[in-house]
Amino acid sequence: MKITAQDKHFVSLAEIKAHLRVEHDEENPTIARYIDTAVTWFESVTGVFLRPTTHTFRFTESPVELVTRPFTSLTSSVDDDAVAITTTTTEASGGVTVLEWDHVVSGAATVVWVSGYTSRGAIPETSMQAVRCIVGSLYVDRQLEQPVALHKSAIPMGIFLGESRVSV
């Protein structure tokens with residue numbers, strides 16, 4: 001699967017600074033990078049996209065499960081000759097979208113779809129708490145050269161990541 005377009009995420013610097021209890025602005029660029037990293041890592045680990053994200057992939061058989069969540073829309077599906085093919089989508093358990101087409105007639109399909117939340121308010125709080133935990137861990141550990149032990153924030157981060165993987 002290839003990500004071909006991705007909108008800016010909805011996690012604000014002000015929200016994260018409030019969570020970290022940082023009142024000064026000197027580290028804003030650092031915290032902003034940590035937010036970008038946390039959102040990208042969260043999406044990679046969970047398959048849950050916190051922002052609208054366009055995906056492209058060539059599938060050789062039908063049906064297939066699109067495990068990027070939440071599914072927003074199917075943009076296009078074409079065969080190897082770039083001819084549009086008819087596909088159907090259904091929702092399976094766990095928020096997985098199943099895409100199906102007549103692969104015997106049409107062969108492989110290159111599919112373009114969009115997944116992700118379209119607003120900050122639509123993102124589940126457990127997912128946002130996971131992002132806050134990730135940023136917090138990065139911020140707290142920013143000066144450690146070689147961490148000796150698992151930081152305490154890694155435990156709740158793991159809990160929220162696990163919850164986000166199964167509950168969205």
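This report describes the fold of one protein chain, taken from a predicted model.

## Basis of the model

Residues are numbered from 1 along each chain as its sequence is written, and side-chain values use heavy atoms, with hydrogens and water left out. Since the model is predicted, local features need pLDDT of at least 70 and side-chain atom pairs count only at pLDDT 80 or more, while totals for chains, interfaces and linings use all residues.

## Overall make-up

The protein chain has five helices and seven strands. Helices (H or I, at least four residues) and strands (E, at least two) are DSSP runs, numbered from the N terminus. Along the sequence the elements follow the pattern β-α-α-β-β-β-β-β-α-β-α-α.

Of the 168 residues in the protein chain, 41% are buried. Buried means under 20% relative accessible area, exposed over 50%, and partly exposed in between, with a 1.4 Å probe and protein chains only. The accessible surface of the protein chain is about 9,300 Å², and carbon and sulfur atoms hold 55% of that surface. Such areas come from the Shrake-Rupley method with a 1.4 Å probe; for residues, only the protein chains shown count as cover.

Contact means heavy atoms within 4.5 Å. Among contacts between residues at least 6 apart in sequence, 73% join residues at least 24 apart.

Two strands pair if DSSP finds at least two bridges between them. Four strands form an open sheet in the order S1-S2-S7-S4, with antiparallel pairing. Strand S1 (2–6) and strand S4 (71–78) are the edge strands, each pairing on one side only. From one strand to the next, the twist averages 20 degrees.

S4 pairs with strand S7 (residues 109–115) over six bridges, in the antiparallel sense. Here Phe-71 has Ser-115 of S7 as its bridge partner.

## The three-stranded sheet

Another open sheet has three strands in the order S3-S6-S5, and its pairing is antiparallel. S3 and S5 stand at the edges with a single partner strand each, so one side of each has no neighbour in the sheet. On average, neighbouring strands of this sheet are turned by 30 degrees against each other, direction ignored.

Strand S5 (residues 88–91) and strand S6 (residues 97–100) run antiparallel and are joined by four bridges. Thr-89 stands opposite Leu-99 in S6, and Glu-91 has Thr-97 of S6 as its bridge partner. The hairpin of S5 and S6 has five residues between the strands, and Gly-94 in this hairpin takes a positive phi near 80 degrees.

## The loop at Val-67

Val-67 lies in the loop between strand S3 (64–66) and S4. Leaving aside neighbours within four places in sequence, Val-67 is in contact with Gly-47 and Val-96. Val-67 and Val-48 are 19 residues apart in sequence, and their C-alpha atoms are 8.5 Å apart in space.

## Two crossing helices

The axes of helix H1 (residues 13–20) and helix H4 (residues 125–140) come within 10 Å and cross at roughly 65 degrees. H1 is therefore roughly perpendicular to H4. Axes are lines fitted to C-alpha atoms, for helices over the stretch in contact, and angles run from 0 to 180 degrees between N-to-C directions. Angles under 35 degrees count as roughly parallel, over 145 as roughly antiparallel, 65 to 115 as roughly perpendicular and the rest as oblique.

The crossing of H1 and H4 is right-handed. H1 contributes Glu-15, Ile-16, His-19 and Leu-20 to the contact, and H4 contributes Met-128, Gln-129, Arg-132, Val-135, Gly-136 and Tyr-139. A crossing is right-handed if the near helix is turned clockwise from the far one by less than a right angle, and left-handed if anticlockwise.
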